[in-house]
Amino acid sequence: MQPREIQAQTDAAMEALIVAQDRLMRVARLATMGEMATCVAHELNQPLTAITTYARACERYLAMPQPDLAEVRDALREISAEGLRAGEVIRRLRQMVRSDEPDALGPVDVNAVVEELRTLLAADARAHGAELRICLTAGLPRISANAVQLQHVLINLARNAFEAVRDSHNVHRRVEIATAFHLGDEIEISVTDNGPGVAQEISDRLFDPFASTKGSGTGLGLAVSRTIVKAHGGTIGTRRDMARGATFYLRFPVLEDCLT
Amino acid sequence: MEKPQRKPVIMVVDDDSGVRNAMRALLKSVGLESQLFASAQEFLATWQPSQPGCLVLDIRMPGMSGLELQEQLNLRGAVIPVIFMTGHGDVPMAVEAMQQGAFDFLQKPFRDQDLLDRIQKALVKDAERRATLGEHNRIRSHLEALTAREREVLDLMTQGKQNKAIAQDLGVSPRTIEIHRARVMEKMNAQSVAELVRMMLDLKHAR
């Protein structure tokens, strides 16, 4: 075979690999979304319950011989606020499932990325009986990333954390997402839980496909996350921050023109 | 009968302020008093077991869940009826709650009338339980007024023994037993031996 043919075949193989990888990520993202949809449905139940309950209360207040208009006015105001809140939950979910999102990298503010996830993750935390804390370091420089892919990784890490704390008998189940500088030229996003921690026997293979010890899920969450992070020129890893539990961190180089 | 009844209060525990405030509005619209709590811990910190009413509890909450709160209340021997609010996928949790003695459960979002009906039933149940408890306490205080000998006589009476047999058992005269017997009936505020037997059975089944 001529070198040129070998080159052509290698290029074709690389291209097929990229397509396959792309498809895999999309599937993994949809799988995560499917799981998220369940907890979003749960979260929508809250404003719906408030709205229906307020509405019926209004009817009763209006049916009184002397209608209590002050109560009705308050209730109507709350109804519209709850309606907007429900809409917000759906808007956030739609943002995540946009499949026409280009895979291109661009300057991204990690705090904004985390902030956009707040509603969704708070819903998920609630469904798992956990408290979610978000600690953002203000004024971080931007990184080169694809926001949707980055959010996919964060959702994956957060979901793992929620599941880890869910089954612990800890009364204060806690998951913390933080952003910070790391060694001056990297940005770190960390997800820390106070669950049982990473099992020793799996810690070496944690990011391998199908290494999962969870009863459910695709077994691809962390593997796909690592692929995405690598494509961003970043690293993913674990450490222990609390006496119990686990921390998963993502580190990305700061965009050069953002470093002054 | 003896003391004026305290007004029942519906205690709502839900971490969602929208749901909590809507419940308050609904309960007020039918003249029911409510107290709102954002967490199980907040509820436990101010809870007065003597307050009649019922508890409307979200089954999923960060921190202590509704199920865990129910467990805590059971440990403390609480009698207050608990109505759980659940999401759509929470049926297994609701089943567990029912097994642990929950009064009922409702899926969010619910029809207001369904909630109000269940609350009314829970309040009736709470009043009944409190009346029973009051009756038990009355019997217990009567029992405490008995002397050791009178208590012995009462136990033998409720075993169905006649004066003569009791006198023989305790080694005293039938006449003495008659006096003890009259005292027991008086102190226990009982009209017949049958009533005494019922009182003692009630107490036995109370625990």
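User: How many bridges join S4 to S5 in chain A?
Analyst: There are 8 bridges between strand S4 (residues 174-182) and strand S5 (residues 186-193) of chain A. The two strands run antiparallel. Keep in mind that this is a predicted model.

User: Which residue in S5(A) is the bridge partner of Thr179(A)?
Analyst: Ile189(A).

User: And what sheet are they part of?
Analyst: An open sheet of 5 strands in chain A, in the order S2-S4-S5-S7-S6. Its pairing is mixed.

User: Which strands stand at the edges there?
Analyst: Strand S2 (131-135) and strand S6 (235-239) of chain A. Each has a single partner strand, so one side of each has no neighbour in the sheet. From one strand to the next, the twist averages 15°.

User: What packs on that sheet?
Analyst: H4(A) does, touching S2, S4, S5, S6 and strand S7 (246-253) of chain A. The direction of H4(A) makes about 25° with that of S5(A).

User: Stay with H4(A). At what angle does H3(A) cross it?
Analyst: Roughly 40°. The axes of H3 (residues 110-127) and H4 (residues 147-166) of chain A come within 10 Å. At that angle, H3(A) is oblique to H4(A). The crossing is right-handed.

User: Which residues meet there?
Analyst: From H3(A), they include Val113(A), Leu117(A) and Asp124(A). From H4(A), they include Leu154(A), Arg159(A) and Phe162(A). By class, the contact has 13 nonpolar, 1 polar and 3 charged residues.

User: Switching to chain B. What is the strand order in its open sheet?
Analyst: S2-S1-S3-S4-S5, with parallel pairing. The edge strands are S2 (33-37) and S5 (104-107) of chain B, each pairing on one side only. The twist averages 20° from one strand to the next.

User: How many bridges does S1(B) have with S3(B)?
Analyst: Strand S1 (residues 9-13) and strand S3 (residues 53-58) of chain B pair over 5 bridges. Ile10(B) has Cys54(B) as its bridge partner in S3(B).

User: Which helices lie on those strands?
Analyst: Helix H3 (residues 66-75) of chain B lies across S3 and strand S4 (82-86), at about 145° to S3(B). Helix H4 (residues 91-99) of chain B packs on the sheet too, touching S4 and S5. Its direction makes about 165° with that of S5(B).

User: Last one. Is His180(B) buried or exposed?
Analyst: Buried, with a relative accessible area of 17%. The cut-off for buried is under 20%. His180(B) lies in helix H8 (residues 174-187) of chain B.

User: What does His180(B) touch?
Analyst: Arg149(B), Glu150(B) and Val153(B), not counting residues up to four places away in sequence.

Note on methods:
Residues numbered from 1 in each chain as written. Chains lettered and ligands numbered in written order. Predicted model: local features only at pLDDT ≥ 70, side-chain atom pairs only at ≥ 80, totals over all residues. Heavy atoms only, no water. Axes fitted to C-alpha atoms, helices over the stretch in contact; angles between N-to-C directions. Helix = DSSP H or I, 4+ residues; strand = E, 2+ residues; numbered from the N terminus. Parallel < 35°, antiparallel > 145°, perpendicular 65-115°, else oblique. Left-handed = near helix turned anticlockwise from the far one by under 90°. Contact = heavy atoms within 4.5 Å. Nonpolar A, V, L, I, M, F, W, Y, C, P; charged D, E, K, R; others polar. Pairing = 2+ DSSP bridges. Buried < 20%, exposed > 50% of the residue type's maximum accessible area, 1.4 Å probe, protein only.
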